[in-house]
Amino acid sequence: MKIDGTPYRSVWLDAEDRTCVHIFDQTKLPWSLVRLDLRHQDEVAHAIRTMQVRGAPLIGAVAVYGLVLALTRDPSNESLESNAAMLAATRPTAINLVWAIDRMLRHLRPLPPAARVEAAYMEAATICDEDVATNEAIGQHGLELIREIWSAKQARSGNSGAGRINVLTHCNAGWIATVDWGTALAPIYLAHDAGLPVHVWVDETRPRNQGALLTAWELGRHGVPHTLVADNAGGHLMQRRDVDLVIVGCDRVTRSGDVANKIGTYLKALAAFDNEVPFWVALPSTTIDWTLEDGVRDIPIEERSASEVLDVQGLGADGRPTSVRVAPDGTPAANPAFDVTPARLVSGLLTERGRCAASREALEAMFPERA
Ligand code: MRU
C-alpha cells in the first residue's frame, strides 16, 4: 500500500543493514506512523506480544524474521529450535504464526548451520512475497463476490438507483494486518478502485479498537467511504437492511470450517444469519488448521490483560495519546480476545484459490492435497 505516494509493506528488511527488520508500530496508529527497527529476536517477540504488530498473517511473517535475526547470531541446532519455540509461543490463537515457523524449521533443519542464515533470509522473503500474492488473489475473488451482490441489489431496485453497497467488517484485516493488501479489506480496496460504490460499516472492535484505530485509518487513506459504528450496532443495521454483506478476516479455521476471529465476530454472524445477510470470511490457506475439527472446543482463545477492557486508549485534549479508565476502580474484568463462529453460520470462505463453503468437504475439494 502507498503512504504519501511511497509503496510500503508492513514488514521489510532495511535496504542497507540486513540485520534490521522494520515494522510500523501499530500501537501508535492512527496518530503517528512510527517505524520500528528490530535487531534481536527478543525485540520481535516483544513486538508481537504487545501488538506493535498484529493480525494473523503479519505476526507469522514478522516472527519468521525474528528467527532470521536469531540465526545471524547463532545458527546452531539448539538456537534454531529454542528460538523457533519461543517465537511460536508469542500469541496462541492465530495459526499462521505456527505455520510460518514450522515452514522455516522444515526448510532449515536439514541444512548445515553455516548455510542456514542465507537460506533463512531467502525463505523469509518468499513467505512475505507469497502472502502478498495470496492476499491479492483473495481480493480478486472477493471483488467478484461484491460485484454479484451489487448486481443483485441493482436488479432488485429495478436499476432505479440502488445507492451503495454496504459492507460491514469487524476488527482489522487490512494491509497493516498482513504483509500487504489485507484479507477482508483486499476485496473492498479492489471494488473501490474498480468504481463500485462500496461503503464500509467499521465496527469499533472493543477492547483494543482495531476497527476504529486501524481499519478507519486504512480506509480513510485509501479514500474508501466508511462509517464507524459501535460494536453493538451491527444487528440493528442488518435488521434495517443497511448491510449487504459482512466480510471478516480470521485467525484460525478448522478443517470443518469453524472460524476463530476477533471477539464479537460470532455475534455479528448470528445477527447476519437471522437477517439473511451473507457472512463471508476471508483467509489465506495458511490460516487453516487441518489438525482441528471442532473450533469451539479446540481452538485456544487468547486471554489478554483486564486493563484492555478497563481502560480505553485515545487522544487526550493535549493531542497526545492517553488512556482513560471506564469502570469503577477495583472492577474485575475478563478479556477473551477471540471467539469462534461455527461453520453453520458462515456463508462462505474466500481463499486465494477461490470461494468455497465452510465445510470439510468444500475445503478438501479446494485443497485436495490436504484431504
Ligand atoms: O488481536 P489481533 O488484532 O491480532 O486480531 C486480529 C484479527 O482478529 C484479524 O481479524 C485477523 O487476524 C485477520 S488479519 C488479516
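**View 1. Ser32 counts as exposed, with 9 C-beta neighbours inside 10 Å.** Ser32 sits in the loop that links strand E4 (21–24) to strand E5 (35–38). Helices (H or I, at least four residues) and strands (E, at least two) are DSSP runs numbered from the N terminus. If you look for Leu270, 238 residues apart from Ser32 along the chain, you will find 36 Å between the two C-alpha atoms.

A word on the model before we go on. This is a predicted model, in which local features need pLDDT of at least 70 and side-chain atom pairs count only at pLDDT 80 or more, while totals for chains, interfaces and linings use all residues. Residues are numbered from 1 along each chain as its sequence is written.

**View 2. Asp251 is a buried residue in a loop.** The loop in question runs between strand E9 (245–248) and strand E10 (252–254). Why does Asp251 count as buried? Asp251 has 31 other C-beta atoms within 10 Å, so it is classed as buried. Leaving aside residues up to four places away in sequence, Asp251 touches Ala56, Thr93, Ala94, Ala260, Asn261, Thr287 and Phe338. Contact means that the two C-beta atoms, placed from the backbone, lie within 7 Å. An unreviewed UniProt entry gives Asp251 the feature "active site"; such annotations may be inferred rather than shown by experiment, feature names are shortened, and positions follow the numbering used here.

**View 3. A shell of 18 residues surrounds the ligand.** A residue belongs here if its C-beta atom, placed from the backbone, lies within 6 Å of the molecule. Closest to the ligand are Arg54, Ala56, Ala173, Gly249 and Lys262. Helix H2 (56–73) and strand E11 (259–262) are the elements that give two or more residues to this shell. Domain 1 (2–128) and domain 2 (143–366) each supply at least three of its residues, with bounds from an automatic or database domain assignment. What is the make-up of the shell around the ligand? The shell has 8 nonpolar, 7 polar and 3 charged residues; Ala, Val, Leu, Ile, Met, Phe, Trp, Tyr, Cys and Pro count as nonpolar, Asp, Glu, Lys and Arg as charged, and the others, Gly among them, as polar.

Terms used: A residue is buried if 20 or more other C-beta atoms lie within 10 Å of its own, exposed if 12 or fewer, and partly exposed in between; C-beta atoms are placed from the backbone.
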